[in-house]
Amino acid sequence: METEKLVRAGKIADECLKLGRREIRIGNKALDVLRKIESLVEKNNAKLAFPTNISINEVAAHEALSFEDNLIFKKNDLVKLDLGVHIDGNIVDCAITIDLGNNNDLVLASKQALKEALKLAVPGTELREIGKKINEVIEGYNLKPVRNLYGHSIEKYNIHGGLKVPNYDNGDKTKLEKGQLIAIEPFATDGFGLIEEGKPSDVYTLKKLKPLRNSKAKEILEFIKEEYKTLPFAKRWILERFPNSNTYFNILVKEEILANYGNLIEKQKGLVSQHETTILVGERILVNESLK
Ligand code: CO
């Protein structure tokens with residue numbers, strides 16, 4: 001991990017979240033917001049570590065939009081904006097929730113839980129202690145944490161490293177170590193506190209390599225390998241790069257070379273809020289906008 005690149009990625013992520021706060025407004029198109037974020041990141045010579053998620057109400061995560069999605073923000077939407085920026089594989093992951101209705105408590109619960117968790121996120125703290133604190137803060141708002149979504153360690157070109165940072169006391173006594181790169185992401189809900197996988201999203205990842213006969217499909221696969229490595233990407237990005245390539249993209253899916261991510265829905269269709277930042281343990285917070 002290269003600290004200087006992480007710091008730079010963090011500053012760009014801050015700008016993206018600010019853009020989200022400005023642009024996620026009733027009547028605006030979600031796809032326009034995604035495109036603005038994409039061009040902001042590109043302008044700064046960085047890359048997205050995964051397709052930016054705009055997930056609304058009971059959808060907790062993984063909602064990325066395809067060309068066909070004409071989603072327009074409307075009154076009472078509770079909008080999660082979750083994004084990752086990387087420079088040469090040095091990744092920061094962050095999220096905020098924007099409330100277009102009257103769900104202030106839900107927003108505060110996950111934000112305050114993140115702030116309190118950060119105070120504990122120092123070398124020597126057991127992972128379960130962070131989860132316990134998150135749970136405690138969220139329950140203080142008469143809400144529940146989502147127990148089957150976790151924060152995580154981050155490695156180079158790998159968003160989900162070996163460590164899981166729980167949102168409740170899961171008994172994990174693993175201790176944090178100085179210099180570890182971790183994302184903490186409390187989710188709060190007025191539902192059951194569990195999510196399940198819903199419909200397929202526009203997000204894919206390279207699962208395994210396999211020889212291909214079709215030369216166009218091969219070309220797309222080469223591009224994916226080179227550009228995204230094992231990071232998730234949007235089908236929309238591929239269709240922008242290779243116009244009229246839907247058939248060839250589908251070959252890669254059918255051959256199980258690519259795997260799809262389903263979106264994640266709260267089990268009782270409860271509303272879900274989320275705040276997330278990435279830190280170097282014992283050193284610094286990389287994305288500050290998620291705490292505002
Ligand atoms: Co994350």
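I will start with a sheet: 5 strands form an open sheet in the order β7-β6-β8-β14-β15, with antiparallel pairing. Its edge strands are β7 (164-165) and β15 (284-285), each of which pairs on one side only. Strands and helices here are DSSP runs numbered from the N terminus, with at least two residues (E) for a strand and at least four (H or I) for a helix. Two strands count as paired if DSSP finds at least two bridges between them.

Before going on, this is a predicted model, in which local features need pLDDT of at least 70 and side-chain atom pairs count only at pLDDT 80 or more, while totals for chains, interfaces and linings use all residues. Residues are numbered from 1 along each chain as its sequence is written, and side-chain values use heavy atoms, with hydrogens and water left out.

Back to the strands. Strand β14 (residues 277-280) is joined to β15 by 2 bridges, and the two run antiparallel. Leu-280 stands opposite Arg-284 in β15. Elsewhere, β12 (residues 258-266) is joined by 7 bridges to β10 (residues 195-206), again antiparallel. Thr-205 has Ala-259 in β12 as its bridge partner. Strand β2 (residues 59-61) also runs antiparallel to β12, with 2 bridges between them, and Ala-61 has Leu-264 as its bridge partner there.

Now the metal. Which residues coordinate the cobalt ion? They are Asp-93 (OD), His-152 (NE2), Glu-185 (OE) and Glu-276 (OE), at 2.0 to 2.3 Å. Donors are N, O and S atoms within 2.8 Å of the metal (3.2 Å for Na, K and Ca); water is not among the atoms, so sites may look incomplete. The angles among the 4 donor atoms run from 85 to 170 degrees, and the site is irregular.

In sequence, the donor residues are spaced D-x58-H-x32-E-x90-E. His-152 is buried at 2% relative accessible area, and Glu-276 is buried at 0%. Buried means under 20%, exposed over 50%, and partly exposed in between (1.4 Å probe, protein chains only).

Glu-185 sits in the loop between β8 (181-184) and β9 (187-189). Glu-185 is buried yet has no salt bridge, and the nearest side chain of opposite charge, Lys-164, is 11 Å away. A salt bridge here is a side-chain nitrogen of Lys or Arg within 4 Å of a carboxyl oxygen of Asp or Glu. For charge, Lys and Arg count as positive and Asp and Glu as negative; His and the chain ends are not counted.

Last topic, salt bridges. The whole structure has 22 of them. Lys-47 pairs with Glu-227, the closest N and O atoms being 3.4 Å apart. Lys-47 is partly exposed at 38%, as is Glu-227 at 27%.

Another joins Arg-128 and Asp-169, with closest N and O atoms 3.3 Å apart. Arg-128 is in helix α4 (residues 127-139) and Asp-169 in the loop between β7 and β8, 41 residues apart.

Note on methods. Tetrahedral: all angles 85-135°; square planar, octahedral: opposite > 155°, others 65-115°.
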